[in-house]
Amino acid sequence: MVFEPFRTSRLTENETTSPMEFVVLLDAEQTFIRTIAHLGANVVHGGAPPTFLIKAGLGDPMAVEEGADPVDIPGSGGTSVATADCRRTAEDIDTYLVTVKHSAPSGPWLLQIKNNEPEALEFVGFISHMEDETLQPWADFSRPHLQGSETETTHGIGVHNVGTAPLIIKDAVGSLLGGSESPCTITARPNPISPHDAHAISVKCKPLRAGRGERSQEFVHTFSTNDADPAHSRVVFKVVWPRFPTMCLTDEGCFAKCKRFVPRMPPDEFQCETCFHDAGFHGLPSDPDHTPP
């Protein structure tokens with residue numbers, strides 16, 4: 001079985017990728033290369049097709065253009081070892097399917113992609129001897145930095161499907177994000193996510209507990225998806241709580257329920273104007289001078 005995904009950097013106009021080697025089994029009759037072009041998230045571009053350059057062994061690289069007649073691919077001896085053609089797919093105008101029909105053994109096989117658009121484009125693709133296997137999602141998750149608070153907070157974790165088939169996220173709503181020690185819970189998730197599309201997974205984080213100082217903690221979560229590569233669905237995220245809470249710490253004896261520490265005028269700046277308690281009741285540094293007046 002041959003299944004090879006690839007993802008290029010963003011190519012400017014007329015820029016060509018470095019050669020990418022792909023495997024062709026000795027008994028293979030056909031190889032399929034399905035590639036999707038990306039201008040940006042949630043954008044279907046529909047611009048000029050790229051040029052695919054295919055090289056077999058020591059033969060010359062041959063340009064395969066969308067909609068053109070099949071091209072002979074010469075091997076090391078100069079004779080044709082395959083033909084290749086390219087068509088824009090019916091399901092997406094930014095997706096192209098190259099079909100290589102093998103007539104003789106050869107190798108190694110190399111692929112390059114040239115961007116013919118004025119806009120800079122990124123290309124994602126899948127190579128297989130079976131056409132259906134080139135229909136694959138590819139999850140591209142954001143790396144969130146979640147800001148905790150004194151109250152419950154809601155955040156979004158972005159996910160962009162850069163693949164060639166719909167992406168399905170299987171994590172249950174209500175499940176923890178990042179394991180049993182995580183303060184975050186999944187509250188909503190989109191399904192399915194079509195190629196090109198980007199959406200957000202809604203996450204709820206528990207409030208800051210009274211008396212906790214500034215703290216950050218890193219968590220790891222691997223989403224359950226239909227992406228064949230689990231590494232694409234692995235998210236490392238950080239939860240950061242503020243340096244000090246500003247609400248009164250009622251478990252320390254303050255019941256005024258003031259929401260923010262407002263210092264009094266000096267020399268009583270360590271007292272709260274609202275509740276007259278020491279700043280320590282708000283989780284702030286207390287008066288360092290404990291010397292009796």
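Predicted model: local features only at pLDDT ≥ 70, side-chain atom pairs only at ≥ 80, totals over all residues.

Student: Where does His196 lie?

Tutor: His196 sits in the loop between β14 and β15. Its phi is near 85°, a positive value in a residue other than glycine.

Student: Which residue besides glycine has phi near 70°?

Tutor: Asn14, and that value is positive. Asn14 belongs to the loop between β1 and β2 (20-22).

Student: OK, peptide bonds. What is the bond from Gly107 to Pro108?

Tutor: Cis, with omega near 0°. Pro108 is in the loop between β8 and β9 (109-114).

Student: And what joins Asn191 and Pro192?

Tutor: A cis peptide bond, with omega about -25°. Pro192 is in the loop between β14 and β15. His196 is in that loop too.

Student: Now the sheets. What is the strand order in the open sheet of four strands?

Tutor: The order is β11-β13-β15-β14, and the pairing is antiparallel. β11 (139-141) and β14 (184-188) are at the edges; each has a single partner strand, so one side of each is left without a neighbour in the sheet.

Student: How much are neighbouring strands turned against each other?

Tutor: By 35° on average, direction ignored.

Student: How many bridges join β13 to β15?

Tutor: Eight, between residues 153-161 of β13 and residues 198-205 of β15, running antiparallel.

Student: What holds paired strands together in general?

Tutor: Strands of a sheet pair through backbone hydrogen bonds, either parallel or antiparallel.

Student: What about the open sheet of six strands?

Tutor: Its order is β1-β10-β3-β8-β7-β6, with antiparallel pairing. The edge strands are β1 (3-7) and β6 (71-74), each pairing on one side only. The twist from one strand to the next averages 20°.

Student: How many bridges pair β1 with β10?

Tutor: Five, in the antiparallel sense, with β10 covering residues 122-128. Arg7 stands opposite Val124 in β10.

Student: What does Phe3 touch?

Tutor: Leaving out residues up to four places away in sequence, Phe3 touches Phe126, Ile127, Glu133, Gln136 and Ala228. Phe3 is in strand β1. Phe3 is partly exposed, with a relative accessible area of 26%.

Student: How far apart are Phe3 and Phe32?

Tutor: They are 29 residues apart in sequence, and 9.9 Å apart in space, C-alpha to C-alpha.

Student: Switching to charges. Which side chain of opposite charge is nearest to Asp227?

Tutor: Arg7, at 8.6 Å. Asp227 is buried yet has no salt bridge.

Student: What does the side chain of Asp227 reach, then?

Tutor: Two backbone nitrogens: that of Ala139 at 2.8 Å, and that of Asp229 at 2.9 Å. Asp227 itself is in the loop between β16 (215-222) and β17 (234-241).

Student: Which residues does Asp227 touch?

Tutor: Not counting residues up to four places away in sequence, Pro137, Trp138, Ala139, Leu167, His232 and Ser233.

Student: And Asp94, where is that?

Tutor: In the loop between β7 (80-88) and β8 (95-102). Asp94 is buried yet has no salt bridge, and the nearest side chain of opposite charge is Arg88, 4.8 Å away.

Student: Which backbone nitrogen lies 2.6 Å from a polar atom of the Asp94 side chain?

Tutor: The one of Gly46. Asp94 also touches other residues, not counting those up to four places away in sequence; among them are Thr35, Val43, His45, Gly47 and His196.

Note on methods
Residues numbered from 1 in each chain as written. Heavy atoms only, no water. Pairing = 2+ DSSP bridges. Helix = DSSP H or I, 4+ residues; strand = E, 2+ residues; numbered from the N terminus. Axes fitted to C-alpha atoms, helices over the stretch in contact; angles between N-to-C directions. Buried < 20%, exposed > 50% of the residue type's maximum accessible area, 1.4 Å probe, protein only. Lys, Arg positive; Asp, Glu negative; His and termini not counted. Salt bridge = Lys/Arg side-chain N within 4 Å of Asp/Glu carboxyl O. Polar contact = N/O pair within 3.5 Å; in protein donor to acceptor, adjacent residues only side chain to side chain. Contact = heavy atoms within 4.5 Å.
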